[in-house]
Amino acid sequence: MSNNHPLPARSNRLRFSLLLLSLLAAVVVGPLFENDGFGKYLQLSFLTLVFVSSIYTNWNRRIMFWVVGGAAMIGIGLHWGSLFFPNGSVSVAKYVVGFLFLGLTAVILLKSILVEYQAKPDALLGAACVYLLLGFMWALGYSALMFIEDAPFYFPQFDLGRDDHPHLSTFLYFSFVTMSTLGYGDIIPTTPLSRTLAWMQSVTGQFYLAVLVAYLVNMLPNSPRAVAQSPKR
């Protein structure tokens with residue numbers, strides 16, 4: 001696990017592919033079954049896979065491996081522990097730790113893309129992972145907010161009691177709708193903190209797509225700009 005010996009492209013592609021597949025399972029497949037009896041276990045399994053894939057993505061960076069690995073173990077323990085200790089404190093802890101862990105993973109991955117893979121096709125695969133990590137991260141943040149504030153969101157389609165909380169799939173939907181600036185209006189932030197988080201995510205998502213992805217496409221070896229900037233032999 002040394003930084004002096006970069007991994008071959010095939011290994012990088014495998015790490016990014018595993019993380020991307022686990023994220024797609026968590027944000028696409030998991031919500032489809034969340035209302036079923038086994039749905040919460042399936043979603044937790046996918047979330048665990050995301051955490052484990054994030055560890056594998058950073059395994060060649062010794063310090064980050066242990067930092068990310070330790071945070072992942074805490075997050076996994078809290079999420080599975082909430083099945084046996086379903087109280088507000090555990091729920092807040094699991095969502096906050098998950099929020100911080102996915103944010104840390106996104107920052108590390110984004111840094112590696114900009115520094116190590118900016119002119120390689122693997123960078124686009126990593127960029128897709130970062131986008132899904134950001135959406136998933138904010139969904140966990142919104143879920144934590146439901147336990148921290150009193151009615152931070154208004155759900156016209158739900159008849160929620162004071163102690164009722166929507167499934168994670170609801171906040172995954174709201175997160176990606178917000179980040180893509182669709183703004184359907186079927187879930188409405190009602191407190192200063194929830195509104196601030198919503199507009200920050202919206203700006204982050206648009207900035208990410210408009211600036212970073214366009215930059216990476218221009219840096220690819222076969223793009224006209226990259227060919228024009230390459231040294232002549």
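**The largest pocket and its surroundings**

The largest pocket holds about 630 Å³ of space, the volume being what probe spheres set on the grid points fill, with points joined across faces, edges and corners. Of the 22 residues that line this pocket, Lys40, Ser82, Lys94, Tyr95 and His167 sit closest to its centre. A pocket here is an open set of points on a 1 Å grid over the protein atoms alone, where a 1.4 Å probe fits and protein lies on both sides within 12 Å along at least five of seven lines; lining residues have an atom within 4 Å of a point. The model is a predicted one, in which local features need pLDDT of at least 70 and side-chain atom pairs count only at pLDDT 80 or more, while totals for chains, interfaces and linings use all residues. Residues are numbered from 1 along each chain as its sequence is written, and side-chain values use heavy atoms, with hydrogens and water left out.

As for where the lining comes from, α2 (39-57), α4 (88-115), α5 (122-148) and α6 each supply at least two of its residues. Helices (H or I, at least four residues) and strands (E, at least two) are DSSP runs, numbered from the N terminus. By type, the lining splits into ten nonpolar, nine polar and three charged residues; Ala, Val, Leu, Ile, Met, Phe, Trp, Tyr, Cys and Pro count as nonpolar, Asp, Glu, Lys and Arg as charged, and the others, Gly among them, as polar.

Two of these helices, α5 and α6, pack with their axes 8 Å apart at an angle of about 125°. Axes are lines fitted to C-alpha atoms over the stretch in contact, and angles run from 0 to 180 degrees between N-to-C directions. The pair is therefore oblique, the label for whatever is left once angles under 35 degrees (roughly parallel), over 145 (roughly antiparallel) and 65 to 115 (roughly perpendicular) are taken out.

Turning to the loops, Pro166 lies between β1 (153-154) and α6 (168-179). Pro166 counts as buried because its relative accessibility is 14%; buried means under 20%, exposed over 50% and partly exposed in between, with a 1.4 Å probe and protein chains only. Its C-alpha atom is 8.3 Å from that of Ser143, 23 residues away along the chain.

Most residues other than glycine have a negative phi. Ala151, in the loop between α5 and β1, has a positive phi near 55° and is partly exposed at 45%. Thr181, in the loop between α6 and β2 (188-189), has a positive phi near 60° and is partly exposed at 40%.
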